Every structure is written in C-alpha cells, then in structure tokens.
Amino acid sequence: MPRAGLSRDAVVDAALALVDAEGPAALTLAAVAARTGVATPSLYKHVGSLADLRNLLAVRLFDEFTAATTTAVLGLSGDAALEALMRAYHDYAVTHPHRYALLPQAPDPDPAVAAAGNRFVEVPFAVLRGYGLDDDEVVHATRIARAVMHGFAVLHTSGGFGLPQDVDETFDRLVATVVRGIAATARPARG
C-alpha cells in the first residue's frame with residue numbers, strides 16, 4: 001500500500017528539491033526516498049526505476065521551461081519576441097542551473113519526454129516563423145539560436161566566464177548580435 005500523502009507527483013517534487021539543493025549527480029532513488037521519509041523499495045509503488053524518475057523529471061522540466069519561455073514571448077513578434085525568448089531561456093538556466101542541466105539535449109526515445117521536448121521546440125519555431133522563414137529556414141535559425149543560448153547558459157552557470165568584464169553586458173551584446181543576424185537573413189513575410 002502506498003504511503004499516505006506520497007504520490008508520483010510528490011516523488012517528482014522531492015527529486016526536484018534534491019536536484020535543486022545538491023545537483024543532478026545527487027539524484028538517486030535512495031536520496032529521494034530519504035527526502036520522502038520512506039524506504040527505497042517504497043518508491044517503486046510510484047516510479048518504476050531511476051530512469052523512469054528521470055523521464056518524469058524531464059517532462060516536468062520541459063513543461064516548466066516551455067511555460068517560462070511562452071509567457072515571455074506572448075504578444076510579441078519579430079525582434080522583440082526573439083529577444084524575449086533568449087532572455088527567458090537564459091534566465092531559466094541561470095535561476096535553475098541544476099534543473100537546466102537535467103534537460104535532455106538530444107531527442108529522447110521516451111514518448112512522454114519526446115512530446116514535452118517537442119512542445120518546447122515549438123516556442124522558438126513560432127518566434128522564428130514570425131520572421132517569415134520557411135520550415136527549413138526555421139529549423140536552421142532555431143539550431144543557431146539554441147546553440148548560442150545553450151552554450152552561453154552552460155558557460156555562465158558553470159563559471160566559465162572568469163574575466164572581470166560584466167557577463168550581463170556580454171549577454172546583452174550576444175542577444176543583439178543574434179537578433180540582428182536572424183533579422184538580416186530573414187525574408188519579409190509574404191502576405
């Protein structure tokens with residue numbers, strides 16, 4: 001019988017709290033069990049394995065990340081939308097570096113994780129379609145923006161910018177450069 005108050009969502013919540021506090025490497029079923037006050041075998045009533053828990057976390061994090069970026073770009077288009085997307089992406093990664101590190105960076109074979117990842121990628125696709133790009137160009141532009149956003153986020157959250165110049169100023173310049181680059185290569189939307 002499952003412990004009163006313990007549910008699949010509660011296990012995911014405990015796993016996220018663990019990751020937030022101690023980082024992705026600390027994620028084990030034993031550590032999550034300790035946070036929930038149960039023996040490790042009791043977790044199997046709620047999650048099938050550590051891999052299953054990681055998939056549940058990935059779905060939750062993709063949905064959280066998608067909500068943050070969607071909220072940022074709502075009502076915007078063109079340069080303003082792309083800038084808002086890039087800032088929301090970076091803000092999420094810097095505010096939640098351990099959660100960001102758990103997000104899968106390659107297509108995932110788990111159908112639920114793949115669907116959550118697809119929901120996320122629709123945000124930059126929608127933003128970049130606003131430039132009048134065709135489907136192939138949207139993919140190329142999304143790859144460019146993602147590489148820049150992910151690379152900067154990983155370097156920033158891992159302490160990779162050790163020189164004394166202001167990292168926020170560098171990020172502002174990065175955003176301006178990408179926005180100008182995408183705008184310069186985009187064809188006007190056909191009406």
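**Helix packing and a listed region, talked through**

Modeller: Start with residues 28–47: the end C-alpha atoms sit 12 Å apart, and the span is 60% helix and 0% strand. Helices here are DSSP runs of H or I with at least four residues, strands are E runs of at least two, and both are numbered from the N terminus. Keep in mind that this is a predicted model, where local features need pLDDT of at least 70 and side-chain atom pairs count only at pLDDT 80 or more. Residues are numbered from 1 along each chain, and side-chain values use heavy atoms, without hydrogens and water.

Colleague: What does UniProt list for residues 28–47?

Modeller: An unreviewed UniProt entry gives them as "DNA-binding region"; such annotations may be inferred rather than shown by experiment.

Colleague: Why are H5 and H7 called roughly antiparallel?

Modeller: The axes of H5 (residues 78–95) and H7 (residues 111–129) cross at roughly 155 degrees and come within 9 Å. Angles over 145 degrees count as roughly antiparallel, so H5 and H7 get that label.

Colleague: What makes up the contact between them?

Modeller: With contact meaning heavy atoms within 4.5 Å, H5 brings Ala81, Leu82, Leu85 and Tyr89, while H7 brings Phe120, Val123, Pro124, Val127 and Leu128.

Colleague: Why does Ala84 count as buried?

Modeller: Buried means under 20% relative accessible area with a 1.4 Å probe, protein chains only (exposed is over 50%, partly exposed in between). Ala84 has 17%, so Ala84 is buried.

Colleague: Which residues does Ala84 touch, leaving aside neighbours within four places in sequence?

Modeller: Ala84, part of H5, is in contact with Ala72, Val73 and Leu76.

Definitions and conventions
Axes fitted to C-alpha atoms, helices over the stretch in contact; angles between N-to-C directions. Parallel < 35°, antiparallel > 145°, perpendicular 65-115°, else oblique.
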